[in-house]
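Trainee: Could we go through a structure together and check each term against its definition?
Mentor: Gladly; ask away.

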Amino acid sequence: LWGPPGSGKTTLARLLSAASSKEFASLSAVSAGVKDIREVAERARQELGQRGKGTVLFIDEVHRFNRGQQDALLPHVEEGLLTFVGATTENPFFEVNGPLLSRASLFRTWPLTPEQLVDVLRRGLEKLSAESEQSVTAEAGALEEIAAISRGDARSALNMLELAFSLASVSPPQDGGATHNEAAQAGHAEVGAEPPEPLEGNGEELRSTVGPSLGSYLRLAHVENTQLDRVYPYTKDEHYDLASALIKSIRGSDPNAAVYWLARMLGSGADARFVARRLVILASEDIGVADSASLGVAVAAAQAVDLVGLPEASLNLAHAVIHLSNAPKSNSAAAALWRAQSSLSSGEIPRVPSHLRDSHYKGAKQLGHGVGYVYPHDRPAEAASQSYLPEELSSEEFYRPGGQDRLPKGHDGGRGRQDNEYG
């Protein structure tokens with residue numbers, strides 16, 4: 001079971017436990033180890049032998065298990081002694097051993113929608129009211145606000161509801177409560193009478209004043225008092241997805257989207273130096289000779305990150321991201337390198353031609369090194385016809401100028417053609 005926090009992974013495991021006729025064992029990878037797995041396996045073997053019952057083993061946060069601990073599970077899963085159910089917030093293709101993953105079915109859970117969260121919160125409010133023997137009605141928009149803040153995390157939403165419920169029970173806001181009609185329109189929990197006049201006093205006094213027979217109102221003010229700094233999800237999987245979105249947006253010349261993904265990464269706690277390194281790479285890979293100045297902009301942003309640091313360096317990164325997004329694009333430099341690298345693995349490696357070899361040391365001329373080499377500054381016309389590749393590769397074309405490559409006027413790109421002023 002793979003999904004973000006509060007998306008129901010542990011709940012699904014508990015439902016499985018209730019529905020299954022097998023024994024159910026649970027471990028947390030945060031605190032368990034190989035010894036605990038062996039103990040569960042031993043008990044499972046006894047259950048199977050004595051009562052003929054299999055065992056389901058649920059491991060929460062399974063990505064916390066190292067490779068050795070995961071390997072300890074494998075023989076018991078292969079044998080069929082344990083039915084393994086794991087829950088993780090991390091991409092299992094990164095964190096779970098291949099052999100174990102290949103023997104499992106992958107089910108992905110997703111963040112709850114705001115509508116689903118409001119439904120969960122309504123039932124939670126009813127449960128809290130019943131347990132406390134106090135009718136608490138939610139003001140219109142209060143539960144929706146909790147759902148919005150929780151970003152699909154049901155656990156976070158219920159925790160916030162519980163705190164807001166406590167505040168509403170003992171400390172009604174001084175501006176009064178929701179009206180009967182507002183509460184009815186909200187459709188949340190039981191609708192009580194009109195709210196009482198604002199009360200004064202400390203928490204203990206209010207507890208004695210607002211008794212079980214008196215309804216309370218959960219207001220937006222209570223919700224606001226429960227808010228902490230918003231934390232954006234940032235698993236390893238999310239890290240690479242956001243980085244990919246940033247790079248692809250810049251490559252696609254969309255500065256609007258690129259700045260958004262940059263803000264997402266920095267807001268989630270991404271290392272600014274990682275972002276800067278990616279921009280330096282992109283400047284040569286996706287822009288290259290179409291705008292060689294872009295590399296300088298990217299390098300300057302990377303230096304600014306080290307010199308200034310966050311949060312101020314986020315301005316330098318935004319500057320670079322917008323410049324790189326708006327720059328003309330060409331991957332001809334990267335493609336040329338990839339073609340040259342590919343040729344190295346496709347056959348024999350030719351020797352450096354004699355006229356290109358180093359001839360500066362004593363005896364080099366006797367070996368024929370540098371003989372026939374034309375110094376381009378002395379005889380430019382003859383240098384143009386001089387071969388710089390081994391004879392075996394003379395017909396290869398590694399660098400192929402792109403439509404936006406900025407080449408010197410008259411430069412042939414190494415292919416004997418005349419290009420215009422900008423290639």
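This is a predicted model: local features need pLDDT of at least 70, side-chain atom pairs count only at pLDDT 80 or more; totals for chains, interfaces and linings use all residues.

Trainee: How many helices and strands does the protein have, and what makes a stretch count as one?
Mentor: There are 18 helices and 5 strands. A helix is a DSSP run of H or I with at least four residues, a strand is a run of E with at least two, and numbering starts at the N terminus.

Trainee: What share of the residues is buried, and what does the word require?
Mentor: Of the 423 residues in the protein, 39% are buried. Buried means under 20% relative accessible area, exposed means over 50%, and partly exposed is in between, with a 1.4 Å probe and protein chains only. In strand β2, 5 of the 6 residues are buried, so this strand is mostly covered.

Trainee: Which strands form the open sheet, and what makes two strands a pair?
Mentor: The order is β1-β2-β3, with parallel pairing. Strands β1 and β3 (82-87) stand at the edges with a single partner strand each, so one side of each has no neighbour in the sheet. Neighbouring strands are turned by 20 degrees against each other on average, direction ignored. Two strands pair if DSSP finds at least two bridges between them. Because 6 bridges join β1 to β2, that pair meets the definition. Strands β2 and β3 also pair in the parallel sense, over 6 bridges.

Trainee: Which residues stand opposite each other in these pairs?
Mentor: Phe24 faces Val56 in β2, Leu27 stands opposite Ile59, and Ser28 stands opposite Asp60. On the β3 side, Thr83 is the bridge partner of Val56.

Trainee: What is the hand of the crossover from β2 to β3, and what does that hand refer to?
Mentor: The chain passes from β2 through α3 to β3 in a right-handed β-α-β crossover. The word applies if, with the strands pointing away from the viewer, the path from the first strand over the helix to the second runs clockwise. Strand β1, helix α2 and strand β2 also make a right-handed β-α-β unit.

Trainee: How does α2 lie on the sheet?
Mentor: Helix α2 lies across β1, β2 and β3, running at about 180 degrees to β1. Angles run from 0 to 180 degrees between N-to-C directions, and axes are lines fitted to C-alpha atoms, for helices over the stretch in contact. Contact means heavy atoms within 4.5 Å.

Trainee: Why is the link between Lys53 and Glu23 called a salt bridge?
Mentor: A salt bridge needs a side-chain nitrogen of Lys or Arg within 4 Å of a carboxyl oxygen of Asp or Glu. The N to O distance for Lys53 and Glu23 is 3.0 Å, so the pair qualifies. Lys53 lies in the loop between α2 (34-51) and β2 (55-60) and Glu23 in strand β1 (residues 23-28), so the bridge ties together parts 30 residues apart in sequence.

Trainee: What about Arg45 and Glu79?
Mentor: Their closest N and O atoms are 2.8 Å apart, so this is a salt bridge as well. Arg45 lies in helix α2 and Glu79 in helix α3 (residues 67-79), so parts 34 residues apart in sequence are tied together. Arg45 is partly exposed at 37%, and so is Glu79 at 47%.

Trainee: How many salt bridges are there in the whole structure?
Mentor: The search finds 9.

Terms used
Residues are numbered from 1 along each chain as its sequence is written. Side-chain values use heavy atoms; hydrogens and water are left out.
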